[in-house]
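Subject: Structure handover

Hello,

Please find the structure below, followed by notes on what was found in it.

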Amino acid sequence: MRISTKAQYAVRAMISLSLYGEGRPLALHDIAGREGISLAYLEQLFVKLRRGRIVRSVRGPGGGYVLARPAEEIRVDEIIDSVEESLVPVSCMDAEGRCVCTDNCLSQGIWQGLGARVRQFLSSITLADLVRDARKCG
């Protein structure tokens, strides 16, 4: 299973927002410069993150983005779900993790199990956990 660049960038941007915004609005160009992500790409991601109620925008001078709720309440799977269409491990599964090939698919059990474990793992990690790890490293 490969997590897309879109998902990776969204997680990195959220860590940066939480770590450097410290509850204050942070402009996307600050995140873009710090993370080496194109500003146009970040704008697209943050539209999706806003729709997913992960962030909210603050207009005006000193505006930018802030977390929509505490970092302890934002899970990594939510961030990825906001920018991705699904978190399924193989292309023959639909967004809910069901096999779309046939009812007689002999390998669907392994892919469903893998998908469930990946989701369980990602849902066990909060943005606050990632920020704590980033502070230890930096």
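Residues are called buried at under 20% relative accessible area, exposed at over 50%, and partly exposed in between, using a 1.4 Å probe and protein chains only. This is a predicted model, in which local features need pLDDT of at least 70 and side-chain atom pairs count only at pLDDT 80 or more, while totals for chains, interfaces and linings use all residues. Residues are numbered from 1 along each chain as its sequence is written, and side-chain values use heavy atoms, with hydrogens and water left out.

Surface patch

Leu114 is found in helix H5; helices are DSSP runs of H or I with at least four residues, numbered from the N terminus. With a relative accessible area of 34%, Leu114 is partly exposed. Together with Ile110 and Trp111, Leu114 forms a nonpolar patch on the surface, with about 260 Å² of accessible area in total. Such a patch is made of residues with over 30% relative accessible area and no salt bridge, nonpolar side chains (Val, Leu, Ile, Met, Phe, Trp, Tyr) being joined within 5 Å. The areas come from the Shrake-Rupley method with a 1.4 Å probe, and for residues only the protein chains shown count as cover.

Helix H4

Seven of the eight residues of H4 are buried, so this helix is largely enclosed by the rest of the structure. The buried ones are Val76, Asp77, Glu78, Ile79, Ile80, Ser82 and Val83. They pack against H1, helix H3 (39-51), H5 and helix H6 (127-137), where contact means heavy atoms within 4.5 Å.

Salt bridges

The structure holds eight salt bridges, each being a side-chain nitrogen of Lys or Arg within 4 Å of a carboxyl oxygen of Asp or Glu. One of them pairs Glu35 with Arg12, with the closest N and O atoms 3.1 Å apart. Glu35 lies in helix H2 (residues 28-35) and Arg12 in helix H1 (residues 5-21), so this pair ties together parts that are 23 residues apart in sequence. Arg12 is partly exposed, at 31%.

Asp77 is buried, at 4% relative accessibility. Its side chain meets that of Arg75 in a salt bridge (3.0 Å, N to O). Asp77 also forms a salt bridge with Arg119, the closest N and O atoms being 3.3 Å apart. This pair links distant parts of the chain, with Asp77 in helix H4 (residues 76-83) and Arg119 in helix H5 (residues 108-123), 42 residues apart. Salt bridges that share partners join Arg69, Arg75, Asp77, Glu78, Asp81 and Arg119 into one network.

Regards

Conventions
Helix = DSSP H or I, 4+ residues; strand = E, 2+ residues; numbered from the N terminus. Patch = residues over 30% accessible without salt bridge, like charges linked within 9 Å, V, L, I, M, F, W, Y side chains within 5 Å.
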